[in-house]
Amino acid sequence: MLSHKGGPLGTSTLTFRGLHALAFRGLHVLAFKGLHVLAFRGLRALTFRGLHVLAFRGLHVLTFRGLHVLAFRGQHALTFRGLHILTIRGLHALTFRGLDVLTFRGLDVLTFRGLHVLAFRGLCILTFSGLHSHTLREFKVLFS
């Protein structure tokens with residue numbers, strides 16, 4: 001059964017076989033079998049069976065069963081079951097079960113269970129449980 005009502009102050013509602021829609025001064029809402037959609041002045045939101053999505057002025061957020069993603073003007077963050085990833089203007093960071101990795105403008109850093117590695121422009125420094133190692137492209141120059 002289709003039902004449409006023009007309400008007070010410009011409100012419009014529509015219902016049809018489980019579909020519900022409402023419009024009021026730039027606000028639009030839709031609901032149908034677990035799907036919910038909202039739109040208002042540049043804000044967009046959607047939910048469906050555990051999926052949640054939001055978009056507003058360059059910000060995008062998504063969550064689904066433990067996955068969380070955020071994006072904003074070239075910057076991204078993600079988390080999922082202990083995995084964390086971040087990217088911001090050339091900086092990349094990752095953490096997962098004791099592994100930490102960072103890269104930024106030629107600098108690379110890795111740590112994992114007592115192992116520490118730093119690499120930058122041909123210089124590589126490694127430490128592991130008291131063991132230290134330093135290498136350079138020109139090995140003879142460093143140690144001669």
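1. Surface. The protein chain of this predicted model exposes about 10900 Å². Carbon and sulfur atoms supply 68% of that area. Accessible areas here come from the Shrake-Rupley method with a 1.4 Å probe, and for residues only the protein chains shown count as cover.

2. Ground rules. Residues are numbered from 1 along each chain as its sequence is written, and side-chain values use heavy atoms, with hydrogens and water left out. Because the model is predicted, local features need pLDDT of at least 70 and side-chain atom pairs count only at pLDDT 80 or more, while totals for chains, interfaces and linings use all residues.

3. Burial. Of the 144 residues in the protein chain, 5% count as buried. Buried means under 20% relative accessible area, exposed means over 50%, and partly exposed lies in between (1.4 Å probe, protein chains only).

4. Make-up. The protein chain has one helix and 17 strands. Both are DSSP runs, numbered from the N terminus: helices are H or I with at least four residues, strands are E with at least two.

5. Contact range. Contact means heavy atoms within 4.5 Å.

6. Strand β2 (residues 12-16) runs antiparallel to strand β3 (residues 19-24), and five bridges join them. Two strands pair if DSSP finds at least two bridges between them. F16 stands opposite L19 in β3. The hairpin leaves two residues between its strands. R17, in the turn, has a positive phi of about 45 degrees.

7. Strand β11 (residues 83-88) pairs with strand β12 (residues 91-96) over five bridges, in the antiparallel sense. Next, β12 is joined to strand β13 (residues 99-104) by six bridges, again antiparallel. A93 in β12 links the two pairings: A93 is the bridge partner of L86, and A93 also stands opposite L102 in β13.

8. The turns of that trio. The hairpin of β11 and β12 has two residues between the strands, and R89 there takes a positive phi near 40 degrees. The hairpin of β12 and β13 also has two residues between its strands. R97 in that turn has a positive phi of about 45 degrees.

9. Most residues other than glycine have a negative phi. R73 has a positive phi, near 45 degrees. R73 sits in the loop between β9 (67-72) and β10 (75-80). R73 counts as exposed because its relative accessibility is 64%. R113 also has a positive phi near 45 degrees, and lies in the loop between β14 (107-112) and β15 (115-120). With 68% relative accessibility, R113 counts as exposed too.

10. H52. H52 belongs to strand β7 (residues 51-56). Leaving out residues up to four places away in sequence, H52 touches L46, T47, V61, L62 and T63. The C-alpha atoms of H52 and T63 are 5.2 Å apart, although 11 residues separate them along the chain.

11. L62. This residue lies in strand β8 (residues 59-64). A relative accessible area of 28% makes L62 partly exposed. Which residues does L62 contact, apart from its neighbours within four places in sequence? They are L51, H52, V53, L67, H68 and V69. From L62 to H52, the C-alpha distance is 5.6 Å, at 10 residues apart in sequence.
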